[in-house]
Amino acid sequence: MKQREGYLIVDHSASPGLPEDIARQAGYDPKHCGEGKTFEAATLTCAHCKIVSVKNPLRTRERVKCAKCAGRYICDLCAIDAQSPTYLHLPFEKLADITLDLAEKGVVLGSPQELLSSKIIT
Amino acid sequence: MARRIFQAASYTPTATADASALANATYQSIAAGSATQVFRVKEIQCGGQATASAVNIMMFARNLTAATTPTALAAPNGDGPMSGATAALAAPPVTYTAAATGPQRTNTALTARLNLSFNAFGGIVKWFANLGEEWEIIGTSVSVAPSSLSAFTGGNVGLMGSHIIYEPL
């Protein structure tokens with residue numbers, strides 16, 4: 001496992017495994033997801049949106065790295081976005097800072113806190 | 001801060017489309033306890049418990065809509081620190097498997113989700129994040145914060161157990 005890569009293991013060594021279409025849909029190699037097989041792969045996390053993807057070792061196209069994020073990997077969708085002339089660079093850490101900054105000022109984005117904090121006991 | 005494990009011992013997920021409320025006891029959901037709390041999800045593991053072949057298209061994804069009134073966890077499910085010396089948090093994380101209205105999985109292409117498909121008849125799927133590349137949950141804003149592990153449409157879901165290891169910062 002290289003630096004900045006995650007690790008995924010799908011162990012079907014004692015299982016009938018996955019059909020080919022489901023394995024492909026999940027981004028796995030179908031040959032290693034059938035009965036008695038184990039699939040291991042590196043995963044990449046996008047620095048902008050935090051999408052995690054299974055790394056395709058056969059890919060020849062360039063994987064985009066963001067120079068403004070110290071050369072960290074960004075996913076294809078964010079890479080397309082980043083090419084727009086109106087693109088505003090927004091790594092996830094910056095989004096976190098904005099969210100926390102607003103929260104400290106009492107501005108909570110998204111769902112009201114009351115929806116999350118009012119637990120009921122059953 | 002110390003790492004914690006949120007685990008659901010045994011449940012059968014229901015294949016649910018994106019942007020639809022998840023039914024109780026078919027998912028694991030995790031949200032920050034305050035608007036300024038930050039978590040890092042380090043590991044997710046699903047282990048099959050089905051007695052016949054059953055494909056589970058499990059997804060760990062951001063919530064498009066937060067749950068209303070999450071129900072407190074009850075045994076055998078649980079959420080606790082990995083170290084017995086861990087001090088109690090001022091704002092405990094909101095981890096739950098049931099709510100008055102369940103959370104909805106994101107349906108947008110630019111919102112993170114992790115596909116963890118496996119066969120619940122003896123299959124195991126496990127994802128580990130590298131240091132600094134973890135799944136982050138920040139505050140309580142939907143689409144950047146609350147996340148859930150649930151079954152996507154398709155497959156013939158079977159019994160499974162799962163755990164999520166995370167670290168509040």
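Which residues touch the most other members of the largest nonpolar core?

**View 1. The largest nonpolar core of the predicted model.** In this predicted model, the largest nonpolar core holds 69 residues, of which A:Cys46, B:Val41, B:Met59, B:Leu116 and B:Phe118 touch the most other members. From chain A, this core draws at least three residues from each of domain 1 (1-45) and domain 2 (60-108).

**View 2. The surroundings of B:Val41.** B:Val41, one of the core residues that touch the most other members, is in contact with B:Ala129, B:Glu134, B:Trp135, B:Ile137, B:Ile164 and B:Tyr166, when residues up to four places away in sequence are not counted.

**View 3. The contact between chain A and chain B.** To this contact chain A gives 45 residues, and chain B likewise gives 45 residues. On the side of chain A that touches chain B, at least two residues come from each of strand E1 (5-12), helix H1 (20-26), strand E2 (37-45), helix H3 (92-104) and helix H4 (113-117), with E1(A) supplying the largest share, eight residues. Sorted by class, that side of chain A comprises 26 nonpolar, 13 polar and six charged residues.

**View 4. Strand pairing between E1(A) and E13(B).** Strand E1(A), which also supplies the largest share of the side of chain A that touches chain B, runs antiparallel to strand E13 (residues 124-128) of chain B, and five bridges join the two. Within this pairing, A:Ile9 has B:Lys126 of E13(B) as its bridge partner.

**View 5. The two assigned domains of chain A.** The domain assignment divides out domain 1 (1-45) and domain 2 (60-108) in chain A, and the centres of these two domains, taken over C-alpha atoms, are separated by 28 Å.

**View 6. The overall build of chain B.** Chain B contains 16 strands and zero helices. Its radius of gyration is 15 Å, close to the 15 Å that the globule rule gives for 169 residues, so chain B is as compact as a globular protein of that length. The C-alpha trace of chain B spans about 45 × 35 × 30 Å along its principal axes, and 55% of the 169 residues in chain B are buried. Among the contacts in chain B with a separation of 6 or more, 89% are between residues 24 or more positions apart.

Note on methods: Residues are numbered from 1 along each chain as its sequence is written. Chains are lettered from A and ligands numbered from 1 in the order in which they are written. This is a predicted model: local features need pLDDT of at least 70, side-chain atom pairs count only at pLDDT 80 or more; totals for chains, interfaces and linings use all residues. Two residues are in contact if their C-beta atoms, placed from the backbone, lie within 7 Å. Helices (H or I, at least four residues) and strands (E, at least two) are DSSP runs, numbered from the N terminus. Ala, Val, Leu, Ile, Met, Phe, Trp, Tyr, Cys and Pro count as nonpolar, Asp, Glu, Lys and Arg as charged, and the others, Gly among them, as polar. Two strands pair if DSSP finds at least two bridges between them. Domain bounds come from an automatic or database domain assignment. The radius of gyration is taken over C-alpha atoms; the globule rule is 2.2 Å times the number of residues to the power 0.38. A residue is buried if 20 or more other C-beta atoms lie within 10 Å of its own, exposed if 12 or fewer, and partly exposed in between; C-beta atoms are placed from the backbone. A nonpolar core is a set of buried Ala, Val, Leu, Ile, Met, Phe, Trp, Tyr and Cys residues joined through C-beta atoms within 7 Å.
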